[in-house]
Amino acid sequence: MANQLRLSGVRELRAELAALPTDLRSGAIPILLASARRTVGLVVAAYPEVTGALKAGVKLIPRDARGVAALFTVATTAPHAHLIEFGTARTRPRAIFLPITERERRAAVSAVVALVETTGLDVTGDRT
Amino acid sequence: MIDATEVERAVIGKLAGDAALAALLPDGVYWDLARQGATAFAIVSLSSSRREGELREGESFRTFVYIVKAVALGADADPIAAAETRMHALLHAGTLDLPAAAGCALMTMQWIDRIRYTETIAAETWQHRGARYEVTVTPTT
């Protein structure tokens, strides 16, 4: 009676699993970068222009991420950006930055999830 | 069909109907912009919205993110801090009185992130405090 289970290709499987995070990171970076660039364009297009400082203050900041993480930050840096977003005592809020960045971030996460699923992995939980 | 205006009315109504908040912000609760001359009031405004399409012919949930903030003239931090605390107590994990015309029922209402800043207009100090709240509803019709 057989008392031995033989698996072939285990070494190859381990190597593939070990390379998976790096491969996924390489695939995710262009997705995230394209999303960040698109987000910057959308925010700049939507911002009102008086002096131009508000539009000029929208920045794409690549971040150093540890391990296999990939991180891009879209920031609005004009000193009065919060007064546009949340309003002043005498002007209404004009929600621009937050809705655009939140929508685009959800889309980027969905795209990365789709990328992960191409490997045969299942992604569960909050996808946003 | 979900009537977003009724959801907004319910949020404003919840805040406007609270005696403790009215004592702290006597000039009332407004959508987007307060009346001229108001010096202590609450503002409710739409920050974003989205729908989650799964059931019910494409829409199972709809989420509204509202800016809810107290605005007060002057540098005294205590009243506006109390107003912020009261608004949070009313809204976070709270209930909403949604009429049938709203076409929906409340699923969740929760705090997302804080709002706090000070501005100076013509040498006057105005304080703004509050948060963004996420209100998720599901269709009932």
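Let me start with a question: is Ala123(B) buried or exposed? Ala123(B) is exposed, with 5 other C-beta atoms within 10 Å. On the cut-offs, buried takes 20 or more other C-beta atoms within 10 Å of a residue's own, exposed takes 12 or fewer, partly exposed is in between, and the C-beta atoms are placed from the backbone.

Before I go on, some housekeeping. This is a predicted model, where local features need pLDDT of at least 70, side-chain atom pairs count only at pLDDT 80 or more, and totals for chains, interfaces and linings use all residues. Residues are numbered from 1 along each chain as its sequence is written, while chains are lettered from A and ligands numbered from 1 in the order in which they are written.

Okay, chain A. Its secondary structure is four helices and two strands, and from the N terminus on the order is α-α-β-β-α-α. Helices here are DSSP runs of H or I with at least four residues, strands are runs of E with at least two, and both are numbered from the N terminus. The radius of gyration of chain A is 21 Å, well over the 14 Å that the globule rule gives for 128 residues, so chain A is more spread out than a compact globule. That radius is taken over C-alpha atoms, and the rule is 2.2 Å times the number of residues to the power 0.38. Along the principal axes, the C-alpha trace of chain A spans about 85 × 25 × 20 Å. Buried residues are 17% of the 128 in chain A.

How do H1(A) and H4(A) pack? Helix H1 of chain A, residues 10-46, and H4(A) pack at an angle of about 160°, and their axes are 9 Å apart. The axes are lines fitted to C-alpha atoms, for helices over the stretch in contact, with angles from 0 to 180 degrees between N-to-C directions. H1(A) and H4(A) are therefore roughly antiparallel. The classes, for the record: under 35 degrees is roughly parallel, over 145 roughly antiparallel, 65 to 115 roughly perpendicular, and the rest oblique. The crossing of these two helices is right-handed, meaning the near helix is turned clockwise from the far one by less than a right angle, with anticlockwise being left-handed.

Now the residues in that packing. On the H1(A) side they include Leu24(A), Ile31(A), Arg38(A) and Leu42(A); on the H4(A) side, Phe97(A), Glu104(A), Ala108(A) and Leu115(A) are among them. By class, the contact of H1(A) with H4(A) has 15 nonpolar, four polar and two charged residues. Nonpolar is Ala, Val, Leu, Ile, Met, Phe, Trp, Tyr, Cys and Pro; charged is Asp, Glu, Lys and Arg; the others, Gly among them, are polar.

One more spot on H1(A): Ala19(A) sits in that helix. With 10 C-beta neighbours inside 10 Å, Ala19(A) counts as exposed. Between Ala19(A) and Gly41(A), 22 residues apart along the chain, the C-alpha separation is 34 Å.

Where do the chains meet? 13 residues of chain A are in contact with 16 residues of chain B, contact being C-beta atoms, placed from the backbone, within 7 Å. On chain A's side, the elements that give two or more residues are helix H3 (81-86) and helix H4 (97-117). That side divides into seven nonpolar, three polar and three charged residues.

Over to chain B. There we have three helices and five strands, in the pattern α-α-β-β-β-α-β-β. With 141 residues, a compact globule would have a radius of gyration near 14 Å, and chain B's 16 Å agrees. Its C-alpha trace spans about 55 × 25 × 25 Å along the principal axes. Buried residues make up 35% of the 141 residues in chain B. Among contacts in chain B between residues at least 6 apart in sequence, 58% join residues at least 24 apart.

Last, some alanines in the loops of chain B. Most residues other than glycine have a negative phi. Ala93(B) has a positive phi, near 60°, and lies in the loop between H3 and strand S4 (104-121). Ala93(B) is exposed, with 10 other C-beta atoms within 10 Å. Back to my opening residue: phi of Ala123(B) is positive too, near 70°, and Ala123(B) is in the loop between S4 and strand S5 (124-139).

Technical notes: Contact = placed C-beta atoms within 7 Å.
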